[in-house]
Structures are given as C-alpha cells and as structure tokens.
Amino acid sequence: MSALGMTAVLGGCGLTGGSDDVTLRLVAADYGDSAANSSKKYWAKLVDAYEADHPGVQVEVSVYSWSDVDREVKEMVDAGKAPDMAQIGAYADYAADDLLYSADDLLSIPVQAGFSSALAGAGQVNGVQYGMPFAASTRLLFYNKKLFDEAGVTPPTTWDQLADAAEALKAEGVKYPYALPLGSEEAQAETMQWLLSGGGGYTDAVGTYTIDSAENVETFTWLRDELVGEKLTGPVAPGRLDRADAFAAFAKGEVGMLNGHPSLMKMAEKQGVDFGMVPMPGVDGESKATMGVADWMLAFKQNGHKEQVGDFLDFVYSEENVLDFSREYDLLPVTNSASEVMSAAAEDRDLKPFLDELTLSELYPVGKTSWASVSAEVKKRIGSAVEPGGSPAAILNQLQSTATTAESSAAG
C-alpha cells in the first residue's frame with residue numbers, strides 16, 4: 001500500500017467561520033504496526049495544519065485497523081450515517097449504488113491530473129473516477145544473498161533460472177527454496193503476480209475475466225510440475241502457507257526467495273538478513289508486468305459538503321503530505337510529483353526499485369463489484385491447483401465460472 005497524492009497551493013483560502021461552520025468526518029485505515037507510528041498521529045498533524053488555515057472547517061478522523069475499517073464503514077453506510085470520507089480498501093460497491101462523489105466533483109484540476117495514470121484508471125467505473133488512490137505498493141522478488149552465495153546461484157530472470165536456483169538452494173538444505181504462499185490470507189496476490197509473469201492475468205485488456213485462459217493454465221501447470229512437484233516450495237503445502245508466515249520465515253533466514261512488498265525490507269533488516277531485490281522473472285525473461293496494489297479515498301454524497309471535502313482533499317494530496325505519508329509507512333506515492341521527488345532523493349533509494357515497477361504495474365480489477373467474491377474464491381481454491389495430482393485447468397475453470405456468475409449478478 002502507499003500514499004497520498006498531489007500538489008495544490010491552498011494559501012489562505014480558508015472557509016469563513018460562524019453559522020456556516022462544517023465538521024467533516026473521515027474514517028481511515030491504520031498503516032502503523034504500533035502505537036508509536038499509528039496513522040492517528042499522521043492524521044492529527046495533517047488536520048491541525050489544515051484547520052489552522054480553515055477556521056470554518058473541523059475534521060474529525062477515526063482510525064481503525066485493516067481488520068475492521070471496511071466493515072466499520074459499511075455499517076455506517078447501512079445505518080444511514082455515512083462519513084464524509086473513507087480511506088479504505090475498496091470503492092466499487094458504493095459507486096455502483098450511486099453513493100459517491102466523483103473525483104471530478106471534488107478535486108482541483110492539477111490534483112486530479114497529478115495521479116499516477118495507472119492508479120487513476122483503476123479507480124474508475126464506466127470511465128468515471130470514484131476511487132482516489134491513496135496508497136500503493138508493488139512487488140519484487142526478494143532473495144537471501146547469503147543463501148544464494150552458498151548455493152552458487154545468481155538472481156533469476158526466467159522461470160527456468162528460478163527453478164534451477166531453487167534446486168541448488170534445496171541441495172544446500174534451505175528450508176523454503178521458493179516460498180509460494182497460496183494460503184487464504186493473500187493467495188489472490190501471489191496468484192496475480194504469477195499470472196502476469198506468464199503473460200496472462202485475471203482479466204484481458206478490456207476488463208473481461210479470463211481466469212481460465214491458456215496462458216494462466218500453463219502458468220499453474222508449470223508451478224505444479226516444476227516447483228511444487230519437485231519439492232522446491234518447502235515443508236508447508238502452498239495452499240496452507242500464508243504470506244505473513246512466508247515473510248516471517250524469510251526474516252529468519254529460512255527462505256531462498258519469494259515475492260515481497262516494501263514492508264518486508266524492514267522485517268528482514270531487523271533480523272539481520274542480507275537480501276537483494278529484482279523484478280519478477282517471466283517465462284523467457286523479466287516479467288513485462290508486475291502486480292500493483294492500491295488503497296482508496298472515497299467521498300460520500302449523503303452529507304453534502306462537496307466544496308469543503310474537495311478543498312480538504314486537495315490539501316491531503318499536496319506533495320508534502322503525500323511524501324510524509326509514503327516515507328512514514330514505506331509506501332509508494334500515488335502522484336507523479338511525489339514519485340519524481342522520491343525517485344531522485346537519496347533517503348528514498350530503498351523504495352526506488354518498487355517505484356520503477358509502478359509504471360509497469362497492473363492492479364486487481366477493483367472497479368468490478370464482482371471482484372470481492374472472485375477474490376474470496378481464489379483464496380479458497382487456488383492452492384489445490386498446484387497440489388500433486390491437482391488440475392490447474394479444472395480449478396481455473398471453476399474460478400472463471402464463479403467470476404462469470406458474479407459479473408452477471410452485478411450487471412443484473
């Protein structure tokens with residue numbers, strides 16, 4: 001996940017106080033891993049700065065854990081008490097129910113134009129942007145330099161090289177030569193990374209689900225036969241291995257390589273693991289696309305306050321605020337100007353490889369209201385596709401049927 005957005009010069013354009021005073025309510029997710037770096041502190045500082053220049057507007061922020069925030073917002077909306085803004089993981093259902101302002105309704109032209117085009121496009125439903133990207137991240141292949149040196153291998157750029165490296169790591173007694181987390185926690189992410197590296201994906205260029213495409217079947221057949229079948233993925237079956245456990249094993253020095261996002265850097269550094277990062281290998285060379293992930297800011301129409309919400313979000317997406325957030329939580333900025341600053345800044349050099357991947361990234365089909373149910377089925381079923389004797393074609397066909405049905409229901 002990643003950042004806030006773009007540049008806006010607000011100057012002294014505070015809204016006047018008095019009888020027109022407005023209180024805006026924002027519900028936000030917590031990106032911190034302790035009280036010391038809770039997102040509450042980030043928002044408190046930002047709101048104090050905003051209110052100082054806008055005496056007629058108060059902003060009340062409620063911060064919830066990622067386990068709770070989407071549910072909290074849904075309960076508020078269902079009770080007829082929608083917040084003015086929500087910074088959460090999805091927007092499509094609310095957009096489909098016509099509950100949201102569009103970005104056009106709210107943002108100044110420079111701010112809206114300043115979003116990364118890939119992220120802004122992912123925030124659209126029927127060509128209208130309702131989801132404003134707030135935080136982003138990409139994935140790279142992490143590898144343990146010490147284990148690679150001992151096995152006499154170099155970072156792979158192709159699938160065959162990845163398998164050869166995993167074989168050499170296994171011969172050296174590495175517990176997880178390649179960690180393949182297809183457990184229920186985040187199987188949809190590992191799946192998408194592999195689908196993209198094989199030239200496929202969840203959808204085609206026009207957004208139609210193509211989960212059972214020939215490319216995708218070939219990808220999972222290769223995983224079943226060349227990694228799992230050769231016992232190169234460790235002692236835990238991929239369908240029972242969660243991302244958190246795979247990350248923890250990497251931080252203990254038990255994993256040769258795995259796909260990871262920026263937060264894994266700190267985990268590994270804390271445990272003294274010397275690691276490298278390279279783009280995800282593809283069938284016959286570096287993958288032409290990588291997976292991006294974004295979280296979203298959305299604004300509900302229920303309470304009105306369009307002018308005040310828009311003015312506040314222009315401030316949220318100022319370059320300074322976007323950079324502060326991104327640097328605090330090791331996430332990628334969602335705006336072009338902040339990305340340019342981070343790309344050139346020495347203090348952000350650890351994030352530059354992830355930034356470079358952002359321009360090549362493809363996101364989940366989050367503009368589809370069907371995606372939530374499809375994602376849940378991927379988490380539940382995909383691990384069985386790579387089991388010895390499992391049928392990738394059958395599992396991917398079942399997932400395609402789920403997606404087609406869910407899409408039809410959403411359209412109906």
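At 57% relative accessibility, Asp104 counts as exposed, where exposed means over 50% relative accessible area, buried under 20% and partly exposed in between (1.4 Å probe, protein chains only). Asp104 lies in helix 4 (residues 103-106). Its C-alpha atom is separated by 23 Å from that of Val293, 189 residues apart along the chain.

The model is predicted: local features need pLDDT of at least 70, side-chain atom pairs count only at pLDDT 80 or more, and totals for chains, interfaces and linings use all residues. Residues are numbered from 1 along each chain as its sequence is written, and side-chain values use heavy atoms, with hydrogens and water left out. Helices (H or I, at least four residues) and strands (E, at least two) are DSSP runs, numbered from the N terminus.

**Helix pairs**

Two packed helices are described by the angle between their axes and the distance between the axes. Axes are lines fitted to C-alpha atoms, for helices over the stretch in contact, and angles run from 0 to 180 degrees between N-to-C directions. Angles under 35 degrees count as roughly parallel, over 145 as roughly antiparallel, 65 to 115 as roughly perpendicular and the rest as oblique.

| Helix pair | Angle | Axes |
|---|---|---|
| Helix 11 (residues 243-251) and helix 12 (residues 263-270) | roughly 40 degrees | within 8 Å |
| Helix 1 (residues 39-53) and helix 14 (residues 319-329) | about 165 degrees | 11 Å apart |

Helix 1 is therefore roughly antiparallel to helix 14. The crossing of these two helices is right-handed, a term for the near helix being turned clockwise from the far one by less than a right angle (left-handed if anticlockwise). Ser39, Tyr42, Lys45 and Leu46 in helix 1 meet Asn321, Asp324, Phe325 and Tyr329 in helix 14, contact meaning heavy atoms within 4.5 Å. By class, the contact of helix 1 with helix 14 has 4 nonpolar, 2 polar and 2 charged residues. Here Ala, Val, Leu, Ile, Met, Phe, Trp, Tyr, Cys and Pro count as nonpolar, Asp, Glu, Lys and Arg as charged, and the others, Gly among them, as polar.

Helix 11 and helix 12 are oblique to each other, and helix 11 passes helix 12 in a right-handed crossing. From helix 11, Phe247, Ala248, Phe250 and Ala251 meet Ser263, Leu264, Met267 and Ala268 of helix 12. This contact of helix 11 with helix 12 has 7 nonpolar, 1 polar and no charged residues.

**Buried residues**

In helix 11, the buried residues are Ala246, Phe247, Ala249, Phe250 and Ala251. Their cover includes helix 12 together with strand 7 (140-144), strand 8 (176-178), strand 9 (255-260) and strand 10 (275-278). Helix 15 (residues 336-344) has Ser337, Ala338, Ser339 and Met342 buried, and these pack against helix 14 and helix 16 (352-358).

Gln193, in helix 9 (residues 187-197), counts as buried at 1% relative accessibility. Leaving aside neighbours within four places in sequence, Gln193 is in contact with Arg139, Asn259, Met280, Ala289, Thr290 and Met291.

The largest nonpolar core has 137 residues, and Trp43, Phe312 and Leu313 have the most contacts inside it. Such a core is a set of buried Ala, Val, Leu, Ile, Met, Phe, Trp, Tyr and Cys residues joined through side-chain atoms within 4.5 Å. Beyond its neighbours within four places in sequence, Leu313 is in contact with Met85, Leu106, Leu107, Met132 and Met297.

**Positive phi**

Lys231 is not a glycine, yet has a positive phi of about 60 degrees. Lys231 sits in the loop between helix 10 (214-228) and helix 11, and counts as exposed at 61% relative accessibility. Asp98 also has a positive phi, near 60 degrees, in the loop between helix 3 (92-96) and helix 4. Gly253, which follows helix 11, has a positive phi near 80 degrees.
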